[in-house]
Amino acid sequence: MKILKLSLTASALALFAGQAAADCGNVRMAEPGWTDLALTTGIASVVLEGLGYQAESDVLGIPVIYESMVNNDLDVFLGFWDPAMETYYAKYREAGSVETVHQNLTGAKFTFAVPKYVYDAGVTDFSDLAAHADKFDHKMYGIEPGSNEVMLDIVGKNAFGLGDWKVVESSEQGMLAQLARFEKSKDWMVFLGWAPHPMNTRFDMEYLSGGDDFYGPDFGGATVHTQVRKGYLDECPNVGKLLTQMTFDIPMESEGMGYILEDGDDAEDAATKLLKAHPDYLATWLEGVTTQDGNDGLAAVRAHLGL
């Protein structure tokens with residue numbers, strides 16, 4: 001009986017080990033529908049596929065992304081904007097259920113913005129908005145539901161006298177389409193702006209000062225971080241090594257987002273085009289990283305891209 005028990009235990013351990021390996025072979029990611037995060041998630045997907053992994057990506061609201069990581073339904077999120085997303089992440093950091101493992105972008109920003117003609121008319125600070133409420137139709141424009149919690153918090157707290165304003169939630173593209181219409185007619189609009197994003201060159205726009213208590217200093221100056229579900233880097237160290245070495249920059253992301261927004265590419269096609277144009281990023285990202293079956297990672301990804 002002891003021999004049988006040991007045999008069953010060994011078989012069970014082998015089965016569990018096989019399941020763990022299979023889990024590492026399928027990397028589950030999500031992003032909230034923002035073009036910058038669609039791009040970076042697309043880049044990660046292309047690189048992972050070149051290494052022999054399967055990569056999945058869903059578009060989900062930020063609260064759903066975090067809950068899915070806690071519930072072991074997602075592995076990786078490349079888009080924690082700090083400090084703008086602190087209100088979403090705080091309880092998961094305190095619980096230790098979602099881990100921040102790498103800063104993948106510096107120089108970002110995320111706060112209220114207005115067209116330049118509105119800025120030139122005297123709206124340069126959050127505190128200027130209420131005095132011109134009628135011109136703005138008591139509305140501020142956000143993006144996808146679940147991504148506008150700071151805006152909603154400002155209204156809920158009646159900060160800057162904006163308690164009777166409405167947050168118009170739609171999508172990134174819906175908000176920018178509205179901005180294009182308002183810019184043409186010179187109507188007034190305050191909206192959620194951020195960089196990197198092609199909106200900064202497509203539109204003549206300015207960021208508002210005064211939102212430090214909500215979006216952080218320096219016009220919502222932010223860093224972007226890679227996060228994983230608890231324990232993922234220990235379970236899947238090869239993927240983890242890639243994730244802790246994959247760093248982006250503003251010019252790269254701006255170029256890639258242009259492929260999506262202006263050329264109509266999907267995220268993975270944009271990522272492939274970007275990596276073919278700038279293959280030098282790969283050497284740093286893939287240092288010490290192998291394919292899923294243990295071969296040279298850099299050579300495999302270059303071959304996958306046709307380089």
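How exposed is Lys-139, in terms of relative accessible area? Lys-139 is partly exposed, with a relative accessible area of 25%, where buried means under 20% relative accessible area, exposed over 50%, and partly exposed in between (1.4 Å probe, protein chains only).

Before going further, note that this is a predicted model, in which local features need pLDDT of at least 70 and side-chain atom pairs count only at pLDDT 80 or more, while totals for chains, interfaces and linings use all residues. Residues are numbered from 1 along each chain as its sequence is written, and side-chain values use heavy atoms, with hydrogens and water left out.

**Stop 1: the two domains**

Colour residues 26-106 together with 223-305 as domain 1, and residues 109-221 as domain 2; these bounds come from an automatic or database domain assignment. The C-alpha centres of domain 1 and domain 2 are 28 Å apart.

Next, select the interface, where 21 residues of domain 1 are in contact with 19 residues of domain 2, contact meaning heavy atoms within 4.5 Å. About 1,500 Å² is buried between domain 1 and domain 2, with carbon and sulfur atoms giving 65% of that area; buried area is the accessible area (1.4 Å probe) that two parts lose on being put together, summed over both. On the domain 1 side, at least two residues each are supplied by α2 (35-50), α3 (62-70), β3 (76-82), α4 (86-95) and α13 (250-261), and α13 gives the largest share, 6 residues. Helices (H or I, at least four residues) and strands (E, at least two) are DSSP runs, numbered from the N terminus.

There are 0 salt bridges between domain 1 and domain 2, a salt bridge being a side-chain nitrogen of Lys or Arg within 4 Å of a carboxyl oxygen of Asp or Glu.

**Stop 2: helix α4**

Select α4 and show the side chains of its buried residues, which are Tyr-88, Tyr-89, Ala-90 and Tyr-92. These buried residues pack against α3, β3, β4 (98-115), α6 (149-156) and β9 (222-229). Just after α4, look at Gly-96, which takes a positive phi of about 70 degrees.

**Stop 3**

Move to Ala-159, in the loop between α6 and β6 (166-168). Ala-159 counts as buried because its relative accessibility is 12%. Apart from neighbours within four places in sequence, Ala-159 is in contact with Ile-154 and Phe-214. A C-alpha to C-alpha distance drawn from Ala-159 to Ser-127 spans 8.9 Å, although the two are 32 residues apart in sequence.

**Stop 4: salt bridges**

A search of the whole structure finds 9 salt bridges. Begin with Asp-75 and Arg-28, whose side chains meet at 2.8 Å, N to O. This pair links distant parts of the chain, since Asp-75 is in the loop between α3 and β3 and Arg-28 is in strand β1 (residues 26-31), 47 residues apart. Asp-75 is buried, with a relative accessible area of 1%.

Now select Lys-273 and Asp-265, which meet in a salt bridge of 2.7 Å, N to O. Lys-273 is partly exposed at 33% relative accessible area, whereas Asp-265 is buried at 18%. Then show Arg-28, Asp-75, Arg-229 and Glu-235 together, as salt bridges that share partners join them into one network.

Finish at Lys-139, the residue of the opening question, whose side chain meets that of Asp-137 in a salt bridge of 3.3 Å, N to O. Asp-137 is partly exposed, with a relative accessible area of 48%.
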